[in-house]
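Biologist: I would like to go through the terms used for this model and see what stands behind each of them. Please show me the structure to begin with.

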Amino acid sequence: MPRTALRVCPLCEATCGLTLTIEGSAVTGARGDRDDVFSRGFICPKGAAFGAVDGDPDRLRTPLVRRAGRLREATWEEVYAAVAAAVPALVREYGPQSVGVVLGNPNTHTMAGALYPPLLLKALGTRNLFTASTLDQMPKHVSSGLLFGDPFAIPVPDLDRTDFLLLLGANPVESNGSLCTAPDFPGRLRALRARGGTLVVVDPRRTRTARLADRHLAPRPGSDALLLAALAHTLLDEKLTDPDRLTRWTEGLGELGPALDRFTPEAVAPACDLSAAEIRALARELAAAPTAAVYGRIGSCTTEYGTLASWLVDVLNILTGNLDRPGGALFPLSATDHAPRPAGPGKGFALGRWHSRVGGHPEAKSELPTAALAEEIETPGEGRIRALIAIAANPVLSAPDGRRLDAALAGLDFMVSVDPYLNETARHAHVVLPPPPPAQSAHFDFAFNAFAVRNQARYSPPAVPLEEGRMDECEIHARLILAVSGQHGGPPEAVDDRVIADTLARAAAYPHSPLFGDDPRLRARTLSGRTGPERRLDMMLRLGPYDLTLEDLRQHPHGIDLGPLRPRLPGVLKTRSGRIELLPEPIAAELPRLRAALAERPAALVLVGRRHLRSNNSWLHNVPALIGGSNRCTLQVHPEDAGRLGLADGGRARVTADGGSLEVPVEVTEAVRRGVVSLPHGWGHDRAGSRLSVASAEPGANVNQLLDGTRLDPLSGTAVLNGFPVELAPLP
């Protein structure tokens with residue numbers, strides 16, 4: 001007989017609650033959990049396809065090890081023995097920097113991905129860390145670090161209470177939101193308008209989100225920072241600012257006006273291709289709203305001025321008094337966050353504490369640009385990356401110049417891939433460690449709860465037992481840590497026990513901890529949970545701000561509602577001054593470069609990416625239910641540009657940029673503005689040696705191959721994936 005099980009969806013940032021239908025050990029259906037405290041029954045096509053994702057026949061079921069140049073099935077003992085023989089030896093001979101670690105987007109969707117990579121990096125002692133952040137949201141981490149002293153202190157729009165929402169470079173109707181965890185984002189936007197609020201969308205494409213808006217502005221791509229600077233200038237120039245209570249916690253308000261004095265609407269209008277009147281009207285409307293929130297995402301982050309744009313988003317929220325107040329932009333407080341500490345100065349945030357070996361790129365949040373990975377592997381000399389550990393990462397498709405990286409990976413001495421698929425990157429590995437399907441894994445959203453529009457906590461135990469021959473994903477990571485650190489063969493639970501002992505010892509010694517003065521050994525014995533990861537979750541909940549335990553979550557399978565977001569300033573601030581540092585030195589030093597952009601002649605044709613509701617980067621293209629229809633890899637071109645260039649709908653074109661050329665099918669549509677073309681991200685499944693039967697049948701074109709990796713936002717090291725110049729030519 002079929003049975004049901006509850007599960008939080010791990011396929012995007014919305015974290016919707018699902019009710020799974022299970023027959024035997026197979027998930028045969030998924031619907032929204034109507035009793036889920038956060039999502040209230042909402043489901044998108046990705047969640048509805050959970051069973052197909054979970055049961056994909058191309059998922060690897062056994063580990064692989066390379067023998068005589070070919071990947072072959074092996075036992076778990078054999079693959080970990082291979083890791084233990086190779087990685088420590090390379091570290092002994094060439095030093096810890098000879099090992100690189102790449103973390104992909106899916107890491108944030110699993111318990112293992114949240115709990116173990118920091119321990120792996122510590123065990124290796126390497127500074128060569130590359131993640132999906134420098135292909136996505138790193139500018140927001142950097143700007144938050146500089147403003148608030150904490151790169152994870154990212155305010156989110158209070159969607160359910162705001163009167164005015166300004167979205168830039170975001171398409172949450174199709175992406176389900178990002179750095180803003182909000183199930184049923186479309187419903188929340190409709191509710192905003194239904195209660196009399198205003199939605200303004202700034203995007204060079206007329207997206208599904210833009211079609212919901214009261215007003216859609218379509219500026220020239222890459223001009224977000226200029227537009228935001230002009231909005232801030234107008235607020236200051238027309239004395240429309242009202243920081244109110246934020247004044248006592250903010251320094252630099254007086255210096256902001258002179259720093260932005262060149263960015264008048266009239267000066268900015270030509271570069272943005274918007275009128276000065278439109279810019280002034282938007283600034284006045286933002287200032288006049290009872291409450292308002294400005295929210296910018298990947299379209300504004302992955303540009304040449306991504307960090308400045310991210311900074312200016314919060315500058316506008318501060319100038320209008322909307323930061324840290326209901327209806328504005330607030331700081332979530334997750335159940336596993338540290339218990340609030342007294343307000344006061346912190347350690348602050350610094351950039352460039354070290355630099356990459358070849359390109360001299362500064363670190364940001366202890367990460368180096370993923371665009372620099374290939375050169376760190378292929379360039380001879382001391383510190384060259386000889387071994388790579390890739391965890392849920394496919395940078396051959398997601399990073400610029402995948403062909404170069406593809407060739408570089410082939411030259412590694414050793415590579416480990418933790419991935420359920422043999423994809424375009426994992427095919428180079430010497431060892432592949434496949435985690436089980438999500439239904440066989442426990443789930444708690446450590447990362448996304450920190451960006452949720454409502455505080456809540458939900459835990460999902462495994463919906464089905466671990467299949468024979470599989471290894472739990474957390475155990476895979478724990479054994480990997482032991483193997484690379486010379487402790488191969490040790491008990492994997494020792495990794496978690498060590499973390500628990502160290503964390504409780506620090507908590508017992510910290511005066512503001514809820515466990516201050518306790519005996520950490522006695523506390524460790526009181527932790528519940530059948531596994532090490534569950535015990536660690538229980539510990540984090542007990543150390544958190546809500547006095548929760550794992551057992552509390554088990555008794556509330558639909559989740560625990562912890563209430564709406566609340567003001568948290570000044571306690572959230574960790575700057576050295578203990579205040580919001582509105583004009584930090586690295587930002588001030590970047591503004592002249594933005595001023596110079598006012599005089600630049602814009603390119604005739606630029607490219608932007610796009611996402612689809614049934615897709616998530618490169619890792620859902622192997623599910624038949626999620627491809628086809630409108631989820632196609634086409635180059636969208638405006639009718640006027642198509643006519644000028646001789647392109648026909650359904651025809652083909654060659655698109656050329658810094659990194660080379662692609663041949664792509666053309667889709668003529670008014671969804672893009674003139675002078676802009678759009679190609680989606682995550683495609684290009686045409687490399688031999690991968691095992692993605694569905695994706696390889698409809699491979700699409702890898703848009704990132706148009707980039708050579710030299711276009712970066714200098715403060716964050718983030719690749720410029722939007723607004724770069726291209727040339728088009730029709731093909732027969």
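Modeller: A definition to begin with: contact means heavy atoms within 4.5 Å. The model is predicted. On that basis, the buried residues of α24 pack against α6 (138-148), α10 (224-237), α11 (253-259), α15 (306-319) and β28.

Biologist: Which residues of α24 are buried?

Modeller: In α24 these are I587, E590, L591, L594 and A597. An α-helix has 3.6 residues a turn, so residues three or four places apart point the same way.

Biologist: What makes you speak of a bend in α24, and where is it?

Modeller: The bend at a residue is the angle between axes fitted to the seven residues ending there and the seven starting there. For α24 (residues 585-597) that angle is about 25° at L591, with a proline, P592, following within four residues.

Biologist: Why is S716 called buried?

Modeller: The relative accessible area of S716 is 2%. Buried means under 20%, so S716 is buried. S716 sits in the loop between β28 (712-713) and β29 (718-719).

Biologist: Which side chains make polar contacts with the side chain of S716?

Modeller: The side chain of D713 does, at 2.6 Å, and that of T718 does, at 2.8 Å. The distance limit for a polar contact is 3.5 Å. Leaving aside neighbours within four places in sequence, S716 is also in contact with T134, M138, P139, V142, T307 and A364.

Biologist: How do you know whether N722 is buried or exposed?

Modeller: N722 has 11% relative accessibility. The limit for buried is under 20%, so N722 counts as buried. N722 is placed in the loop between β29 and β30 (724-725).

Biologist: What does the side chain of N722 reach?

Modeller: The side chain of N722 makes a polar contact of 2.7 Å with the side chain of T302. The N722 side chain also reaches the backbone nitrogen of G609 at 2.8 Å. Not counting residues up to four places away in sequence, N722 touches I298, G299, T302, T303, L607, V608 and G609.

Biologist: Why is T15 called buried but S366 partly exposed?

Modeller: Buried is under 20%, exposed is over 50%, and partly exposed is in between. T15 has 1% relative accessibility, so T15 counts as buried. S366 has 30%, so S366 counts as partly exposed.

Biologist: Which residues are joined by a cis peptide bond?

Modeller: L569 and P570 are, with omega about 5°. P570 is in the loop between β21 (560-564) and β22 (580-581).

Biologist: How many cavities of 30 Å³ or more are counted?

Modeller: Two. A cavity is space where a 1.4 Å probe fits but cannot get out.

Biologist: What lines the two cavities?

Modeller: The largest is lined by 14 residues, with K140, P155, Y295, G296 and V313 nearest its centre. By class, its lining has nine nonpolar, two polar and three charged residues. The lining of the second largest cavity includes T15, along with C9, C12, C16 and C44. That lining divides into seven nonpolar, two polar and one charged.

Methods. Residues are numbered from 1 along each chain as its sequence is written. This is a predicted model: local features need pLDDT of at least 70, side-chain atom pairs count only at pLDDT 80 or more; totals for chains, interfaces and linings use all residues. Side-chain values use heavy atoms; hydrogens and water are left out. Helices (H or I, at least four residues) and strands (E, at least two) are DSSP runs, numbered from the N terminus. Buried means under 20% relative accessible area, exposed over 50%, partly exposed in between (1.4 Å probe, protein chains only). A polar contact is a pair of N or O atoms within 3.5 Å; within protein, one must be able to donate a hydrogen and the other to accept it, and residues adjacent in sequence count only if both atoms are side-chain atoms. On a 1 Å grid over the protein atoms alone, a cavity is a set of points where a 1.4 Å probe fits but cannot get out, and a pocket is an open set with protein on both sides within 12 Å along at least five of seven lines; lining residues have an atom within 4 Å of a point. Grid points are joined across faces, edges and corners, and a volume is the space filled by probe spheres set on the points. Ala, Val, Leu, Ile, Met, Phe, Trp, Tyr, Cys and Pro count as nonpolar, Asp, Glu, Lys and Arg as charged, and the others, Gly among them, as polar.
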